[in-house]
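Subject: Structure handover

Hello,

Here is the structure you are taking over. My notes on what was found in it follow below.

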Amino acid sequence: MEHLYYLMAQLPAFSSSDDANYKLPITTDYFKDLCGRFMSAKSAETARNLSLEPPLEVKPTGSVFLDAWYDKERNLRLALVQLRALKMKKETKNLPLPNDGDVVQAARTAVGMENPLGAEQFLNQYRLGVLDRMTPLDMFSADSVYNYGLRLMLAERMKKFDKDEGLASYHKIYDEILGEDK
């Protein structure tokens with residue numbers, strides 16, 4: 001039996017902030033543990049398998065919300081791959097073409113940005129906007145729990161971006177590439 005009222009009441013509100021000093025009130029692991037205690041076995045398994053990276057092949061999850069989210073994210077990732085390959089004058093073989101104009105426009109904007117950190121921040125804000133538009137009306141549904149989990153995973157991902165570490169990593173990779181070409 002599901003106790004989604006109890007589960008949702010225990011999930012604290014949080015902000016999806018790029019601020020590295022902002023501490024999230026819970027972790028994804030704790031969230032998934034709570035889901036295991038208050039959701040049916042099937043719904044809890046779906047929550048445990050939540051991912052920001054949808055499989056390339058479409059697999060129904062049993063949730064209309066999650067299927068729509070994964071479709072949107074899959075199309076975004078495909079558009080990014082194709083646009084980045086085009087920018088580098090490389091071919092993309094056997095990849096399906098994204099069929100969502102909104103997604104393609106977001107990918108174009110991100111690929112056109114000079115600053116990689118700014119592009120990632122833009123994409124994260126775009127993803128949060130998608131989740132906002134898809135938010136289930138029933139706040140005490142399994143889909144609302146999944147929405148919360150995806151937001152939490154995005155917020156955790158956003159906190160991992162550090163400008164100084166990213167710049168150091170970029171220069172290291174760049175120097176390695178130039179070293180190989182010499």
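Along the sequence the chain follows the pattern α-α-α-α-α-α-α-α, and its secondary structure comes to eight helices and zero strands. Helices (H or I, at least four residues) and strands (E, at least two) are DSSP runs, numbered from the N terminus.

This is a predicted model, in which local features need pLDDT of at least 70 and side-chain atom pairs count only at pLDDT 80 or more, while totals for chains, interfaces and linings use all residues. Residues are numbered from 1 along each chain as its sequence is written, and side-chain values use heavy atoms, with hydrogens and water left out.

The chain as a whole

Of the 182 residues in the chain, 40% are buried. Buried means under 20% relative accessible area, exposed means over 50%, and partly exposed is in between (1.4 Å probe, protein chains only). The chain exposes about 11,400 Å², and carbon and sulfur atoms supply 55% of that area. Accessible areas come from the Shrake-Rupley method with a 1.4 Å probe; for residues, only the protein chains shown count as cover. Among contacts (heavy atoms within 4.5 Å) with a separation of 6 or more, residues 24 or more positions apart account for 63%.

Helix α7 (142-159) is mostly covered, with 14 of its 18 residues buried. The expected span of a helix is 1.5 Å times one less than its number of residues. For α7 this gives 26 Å, and its end C-alpha atoms are 26 Å apart, which agrees.

Phe140 sits in the loop between α6 (116-134) and α7. Phe140 is partly exposed, at a relative accessible area of 37%. Together with Tyr5 and Met139, Phe140 makes a nonpolar surface patch of about 340 Å². Patches are made of residues with over 30% relative accessible area and no salt bridge; like charges are joined within 9 Å, and nonpolar side chains (Val, Leu, Ile, Met, Phe, Trp, Tyr) within 5 Å.

Salt bridges

The structure holds nine salt bridges. Each is a side-chain nitrogen of Lys or Arg within 4 Å of a carboxyl oxygen of Asp or Glu.

One of them joins Glu73 and Arg77, with the closest N and O atoms 2.8 Å apart. Both residues lie in helix α4, four residues apart, about one turn of the helix. An α-helix has 3.6 residues a turn, so residues three or four places apart point the same way. Glu73 is buried, at 2% relative accessibility, whereas Arg77 is partly exposed at 30%. Leaving aside neighbours within four places in sequence, Glu73 is in contact with Leu52, Pro54 and Arg127.

Arg48 and Glu45 form another salt bridge, again with the closest N and O atoms 2.8 Å apart. They both lie in helix α3 (residues 41-48), three residues apart. Arg48 is partly exposed at 40%, and so is Glu45, at 35%.

The side chains of Asp102 and Lys72 also meet in a salt bridge (3.7 Å, N to O). Asp102 lies in helix α5 (residues 101-112) and Lys72 in helix α4, so this pair ties together parts that are 30 residues apart in sequence. Asp102 is partly exposed, with a relative accessible area of 37%.

Regards
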